[in-house]
Amino acid sequence: ERLLKFGHLHNNVRSQVLGHSCKGWSYLIGGDLPAAKACFEKAVQISADPWYARFPKLALGYGFTASGDADSAEPLLQELIEFSVTHGAEFLGTTARFFQELCHITPANATEKLHFCEQQLEDWRQNNSWLRYVICGHLMARTFFRLSNQAPEPSTTDQADWCEYAMGKAENWYTICIDKTRD
């Protein structure tokens, strides 16, 4: 609210974009995706700066990914990836690609996509990119939990072994996120 007030008072559009984005994040964290979406869309709508307009889109892509809405996430994520390639915006592109991989995990491709995501998380850890590491690590935990009742390769993987493995990975990622958030 303070960012919005400052932005309106000083006609500072970037402050307004960040204000709407902060409100959107608060709704997203609280589990209210429709209210978050409205805030992020407002931020995109008023942004005159192409770079600032991408942050609320990335946040919305996170929300759709976290809620399992791949159909809504895909166009946003693809736009962010293309913007990243065109403008060298690695922060946006790698995060959007991470979300995109999680959106398209199926039992048949889980091993490959999860490997990509864990490699990206390791890169962020090594580069001290803690915000992305924790937010995306949380999505990994949720993804492993969701996949724990599905064998990735039913013909070669025992369901019970996969369930135990996936639940262990989910627990591990939740623990990492909690510990890093405390740090």
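A crossing of two helices is left-handed if the near helix is turned anticlockwise from the far one by less than a right angle. In this predicted model, helix H4 passes helix H5 in such a left-handed crossing.

**Helices H4 and H5**

The axes of H4 (residues 50-66) and H5 (residues 70-87) come within 9 Å and cross at roughly 145°. On the H4 side, the contact is made by Pro 50, Trp 51, Arg 54, Lys 57, Leu 58, Leu 60, Gly 61, Phe 64 and Thr 65. H5 contributes Ser 72, Ala 73, Leu 76, Leu 77, Glu 79, Leu 80 and Phe 83. Sorted by class, the residues in the contact of H4 with H5 are ten nonpolar, three polar and three charged.

**The largest pocket**

The largest pocket has a volume of about 320 Å³. Its lining consists of 17 residues, and Trp 25, Phe 55, Leu 58, Phe 91 and Leu 131 are the ones that lie nearest the centre. Two or more lining residues come from each of helix H2 (13-29), H4, helix H6 (90-103) and helix H8 (130-147). H4 gives the most, with five residues. By class, the pocket lining has 14 nonpolar, two polar and one charged residues.

| Residue | Helix | Relative accessible area |
|---|---|---|
| Gly 24 | H2 | 0% |
| Glu 101 | H6 | 9% |
| Gln 120 | H7 (residues 110-126) | 10% |

Residues under 20% relative accessible area are classed as buried. Glu 101 is therefore buried, at 9%. Gln 120 also counts as buried, because its relative accessibility is 10%. Gly 24, at 0%, counts as buried too.

The contacts below leave aside neighbours within four places in sequence. Glu 101, in H6, is in contact with Lys 113, Phe 116 and Cys 117. Gln 120, in H7, is in contact with Thr 94 and Phe 98. Gly 24, in H2, touches Ala 36, Cys 39 and Phe 40. Gly 24 and Lys 37 are 13 residues apart in sequence, and their C-alpha atoms are 6.8 Å apart in space.

Terms used. Residues numbered from 1 in each chain as written. Predicted model: local features only at pLDDT ≥ 70, side-chain atom pairs only at ≥ 80, totals over all residues. Heavy atoms only, no water. Axes fitted to C-alpha atoms, helices over the stretch in contact; angles between N-to-C directions. Contact = heavy atoms within 4.5 Å. Nonpolar A, V, L, I, M, F, W, Y, C, P; charged D, E, K, R; others polar. 1 Å grid on protein atoms, 1.4 Å probe; cavity = no way out; pocket = protein on both sides within 12 Å on 5 of 7 lines; lining within 4 Å. Points joined across faces, edges and corners; volume = space filled by probe spheres on them. Buried < 20%, exposed > 50% of the residue type's maximum accessible area, 1.4 Å probe, protein only.
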